[in-house]
Amino acid sequence: MRIAIVGTGYQGLVVGTCLAENGHQIICVDRDAQRIQSLSQCVMPIHEPGLEELVARNLEEERLSFTTDLTDAVAESLMIFLCVGTPIQEDGFADTRGVIRAAEQIARVMTGYRIIVNKTTSPPGTGDEIEEAVRKNTEHTCDVVANPDFLKEGSAIDDFMRPDRVVIGCEDVRVREIMKELYSPFLRTGKPFLSMSRRSAEMTKFATNVMLAARISLMNQLADICTAYEADVAEVREGIAADYRIGPTFLFPGIGFGGQGLPRDLASCIKLAREKGLECDLIEAVQKVNERQREKFLRRILDYFGSAIAGKRIAIWGASFKPRTDDLRGAPALYLIDRIREAGAQVVIFDPAASKRLRDIYEDTIEIANKYYDALEGADALVIVTEWNEFRRPDYERMGKLMRERVIFDGRNLYTPKVMQAHGFKYFSVGRPSV
Ligand SMILES: NC(=O)c1ccc[n+]([C@@H]2O[C@H](COP(=O)([O-])OP(=O)(O)OC[C@H]3O[C@@H](n4cnc5c(N)ncnc54)[C@H](O)[C@@H]3O)[C@@H](O)[C@H]2O)c1
């Protein structure tokens, strides 16, 4: 099938490439000409494991192309995937204005019937707004499908190729069958194709993220209770995770979740509830616990140094909001970097993928190390923010020799307190005894 993907960011690029890998003819459109030019030369604008190889193969096989020209892309495609951003507005709500604008632009260049598949994370009712926007801008008919995306940066290709489920919001039986056929190669292991109303599909994405966020906040609050009663939250987590009703995922305490999706979808759900006069105190609590988590972690660092923080050199390992991506949107690291610098300390950061994006934000005002041990030279403390694999088993003696003081604030509980104590470190983690 010939498919246009409108918006070639973290989502659109993965979706388009994976569909091309399955034999479809894909045209990826973006308004960012520089991005399109780089992609046409197989230069990736984002860090996503395995992506470059897939893009290269599909460019070579001429199943994948990149353009800024929406007109041609829409003319040649029966199906158009909307993958533009839905950033966080000031009130935290998902901003769907870009989605509606893109729908209007598509409508103006439609040359016949089209299926518009909204893959963006948009509140219930957005499908109706897209339909309205198209109707106002063309005489041609269309079907609008909601198809929320559950892929995760860092494992996005695998998530798209082997999804837990595919959710489709669509009332038309014929369109539903086309969508089922499109996704059937990805569901061969028997994972469900769930067809529902468009508003239910839209809401499913928000509900999923709220559930995931709730697990993290709950674990963070349980971690505090563990600390107060000298229990170790890592052991407690294992005990909980073995219960089949609970399971092991999203139970890791830490400095709280960042990124764009979870914080935005929590805030959006709160707003959706308030607009209808509904109580949503549980979701508000999830949000509040998460915000407090990073503040408490910062406070621990500032309290440790007290007024002596000015002039200290603090190393930070990990800046991206999660490992295996370069995405800094909503990253807790940015909050910590800014606050630690405001307190007068000097910061040196190492991140395996996000150096360029850090430079885009801080320009030359911040020190970025090329290697992770380099960041430790002369450091008065190490702060671990993102759990990249390479931070998991470092050479503790080498670390200690490089650092001025053997002090670690571990926001991801990567190490064992007793082991760190044996290597002479002062070690602070989340929900476990400090040593
Ligand atoms: N990033 C993820 O892991 C992920 C996961 C699940 C869902 N989503 C959802 O996918 C959507 C896209 O997110 P993203 O992270 O890919 O955003 P992004 O900001 O990385 O990419 C959006 C792209 O769309 C382009 N664009 C915007 N308006 C356009 C227009 N009118 N015409 C052509 N191009 C246009 C932008 O230039 C940009 O390249 C969001 O709704 C997000 O919530 C993202």
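In this predicted model, Cys-280 is buried, its relative accessible area being 9%. The side chain of Cys-280 takes part in no disulfide, since the nearest cysteine sulfur, which belongs to Cys-269, lies 8.3 Å away, whereas a disulfide requires the two sulfur atoms to be within 2.5 Å. Cys-226 likewise counts as buried, because its relative accessibility of 9% falls under the 20% limit. By the distance rule, the count of disulfides comes to zero.

Turning to the packing of nonpolar residues, the largest nonpolar core comprises 42 residues, and those with the most contacts inside this core are Ile-5, Leu-19, Phe-81, Phe-160, Met-179 and Tyr-183. Helix H1, which spans residues 10-21, provides the largest share of the core, namely seven residues. When neighbours within four places in sequence are left aside, Leu-19 is found in contact with Ile-3, Ile-5, His-24, Ile-26, Phe-81, Phe-160, Leu-182 and Phe-186. In soluble globular proteins, nonpolar side chains tend to be buried together.

The residues that line the second largest pocket are Val-210, Met-211, Ala-214, Arg-215, Ser-217, Leu-218, Gln-221, Leu-282, Ile-283, Ala-285, Val-286 and Val-289. Sorted by class, the lining of this pocket consists of nine nonpolar, two polar and one charged residues.

The largest cavity is lined by Asn-118, Thr-120, Thr-121, Ser-122, Ala-146, Asn-147, Pro-148, Glu-202 and Lys-205. In terms of class, two residues of this cavity lining are nonpolar, five are polar and two are charged, while the lining of the second largest pocket has nine nonpolar, two polar and one charged residues.

Technical notes
Residues numbered from 1 in each chain as written. Predicted model: local features only at pLDDT ≥ 70, side-chain atom pairs only at ≥ 80, totals over all residues. Heavy atoms only, no water. 1 Å grid on protein atoms, 1.4 Å probe; cavity = no way out; pocket = protein on both sides within 12 Å on 5 of 7 lines; lining within 4 Å. Nonpolar A, V, L, I, M, F, W, Y, C, P; charged D, E, K, R; others polar. Core = buried A, V, L, I, M, F, W, Y, C linked by side-chain atoms within 4.5 Å. Buried < 20%, exposed > 50% of the residue type's maximum accessible area, 1.4 Å probe, protein only. Helix = DSSP H or I, 4+ residues; strand = E, 2+ residues; numbered from the N terminus. Contact = heavy atoms within 4.5 Å.
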